[in-house]
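Here is a short briefing on a few local features of one protein model. Look at the structure first, then read on.

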Amino acid sequence: MTEEWLLWRDTVHDPFFNMSMDEILLEEAGSLGVPLIRTYRWDRPSLSIGSSQLYPEKEAARYAIVRRPTGGGNVFHDADLTYTAVIPAGHALTELNRMESYRVFHEAMLPMLSALGVTAELKSGESAHVDRATMKCFVSPSRFDVVAEGDGGKYAGAAQRRTRNGILHQGSIRLAVAGGDWEKLNESLIAALESFFHIRFREHEIPDAWLERAEILARAKYESSERRSAEHTRSLLGLELKIRLGAENCGNSRLNEALTHRSYAVENALPYDNQRLEFLGDAVLEIVLTEYLFNLYPECDEGALTKMRSALVREGALAALARKLELGEYLLVGRGEQEAGGAGRDSTLADLFEAVLGALYLEGGFEQTRNFILKMFREEYPEPRSLLSSINPKGLLQEYSQHRWGKQPVYTVLRTTGPEHLPVYEVEVSLHGYVAFGRAASRKHAESEAARNLYLYLTEHEGKA
């Protein structure tokens, strides 16, 4: 069955609306239900800069400058086609890591470029000695960007932002590949995506309420920050983070320390990084969650409580909380670590979350930190017991089945759908007359999803594990 995606052929807007609209689309990814592709134009010569880029003052006289909600370098929008892909959480594409999802979108463009008479390939590695704070998108190609065979000139690039809602993928293609014909390149891109992903597009109109929200956000956030200096931006971001944490009284020095990765400290010869605060935050987090689980589950023994606490403080769980707070947007990392994608790693974000807790504890005290921790975990993980199945669902199901019936679960691949380069596995697990199903981009993940679904059903209907 051919998958259906949404297509929004947007019109011409100012640069601030273009960015705010993408932010609204990411917020509403869940209500879209399926991926959406948006193509649009700019009403003036514009320059979009990545979320961590320094403000290019010398370009302000020629271009309207706007900061994107994604990363990447400086992109000049006077001779490009700009598109957005919004992928809702749970879609197979969200199971790919950041670089692989870049790769598939850019790989889709290679047949299109060939049909346009352009010989291109995907860049195999990073450019040497690139200053990530000032780099220009079409001057410094990154891994998996679309480049010309031979001289390596860049034809297409992209940047992403990932949240609990899904993926925002913002891409740019040079108009020169279609002889400067925007309409021709736009139709070619739409056809290329349909062919590569084996999908069918349905034309889509955005609700007026979303457009109104985007207009408000464009003026309040994106346009008002057009001429912020790097230092002023950093100061405002720090204030925004304090408000988000409910810690307006937190000192700048402690917060800056929590937001400084070791790689940045080494490169800039700083006498501090966030590792000591991470150590402290880890201890505070453990005592708060231990007390919380002890009171929440009076019927559970210490073994079950330990498992639940381990599930709550595992790397992936803490990284999810860091992403919810968008802590990665504030983290200072070294150039090498940035190029390697370290700022988005679960391990880096989990450590960052604990370091911020350490700063909150030192500045605001135990009670304020405790209230913040409980608020975050209650919102994100309202039923901690259900997290047990996310640690090792196949192992938990097997342990349960052996204890209850002395049997082993049986996993069967029912079908594999989708194109060869992006398969989707559908798996069934059966046990003692019960069945459950899983669907994912790999057999392993599909089996885990099926095991998790059956384990949750059995522990709810057959008795607690």
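At 39% relative accessibility, H432 counts as partly exposed, because that class covers values between the 20% and 50% cut-offs. Keep in mind that this is a predicted model.

**H432**
- H432 sits in the loop that links β13 (424–431) and β14 (434–440).
- Its phi is positive, about 50°, yet H432 is not a glycine.

**F144**
- F144 also has a positive phi, near 70°, and is a residue other than glycine.
- The loop between β7 (120–122) and β8 (146–148) holds F144.
- F144 has 11% relative accessibility, so it counts as buried; the cut-off for buried is under 20%.

**Helices α16 and α17**
- Two packed helices are described by the angle between their axes and the distance between the axes.
- Here, α16 spans residues 393–404 and α17 spans residues 443–461.
- They pack at an angle of about 45°, and their axes are 8 Å apart.
- The two helices are therefore oblique to each other.
- The crossing of α16 and α17 is left-handed.
- On the α16 side, P393, K394, L396, L397 and Y400 make the contact.
- On the α17 side, the contact is made by E447, S448, A451, R452, L454, Y455, L458 and T459.
- The residues of this contact of α16 with α17 comprise eight nonpolar, two polar and three charged.

Note on methods
Residues numbered from 1 in each chain as written. Predicted model: local features only at pLDDT ≥ 70, side-chain atom pairs only at ≥ 80, totals over all residues. Heavy atoms only, no water. Axes fitted to C-alpha atoms, helices over the stretch in contact; angles between N-to-C directions. Helix = DSSP H or I, 4+ residues; strand = E, 2+ residues; numbered from the N terminus. Parallel < 35°, antiparallel > 145°, perpendicular 65-115°, else oblique. Left-handed = near helix turned anticlockwise from the far one by under 90°. Contact = heavy atoms within 4.5 Å. Nonpolar A, V, L, I, M, F, W, Y, C, P; charged D, E, K, R; others polar. Buried < 20%, exposed > 50% of the residue type's maximum accessible area, 1.4 Å probe, protein only.
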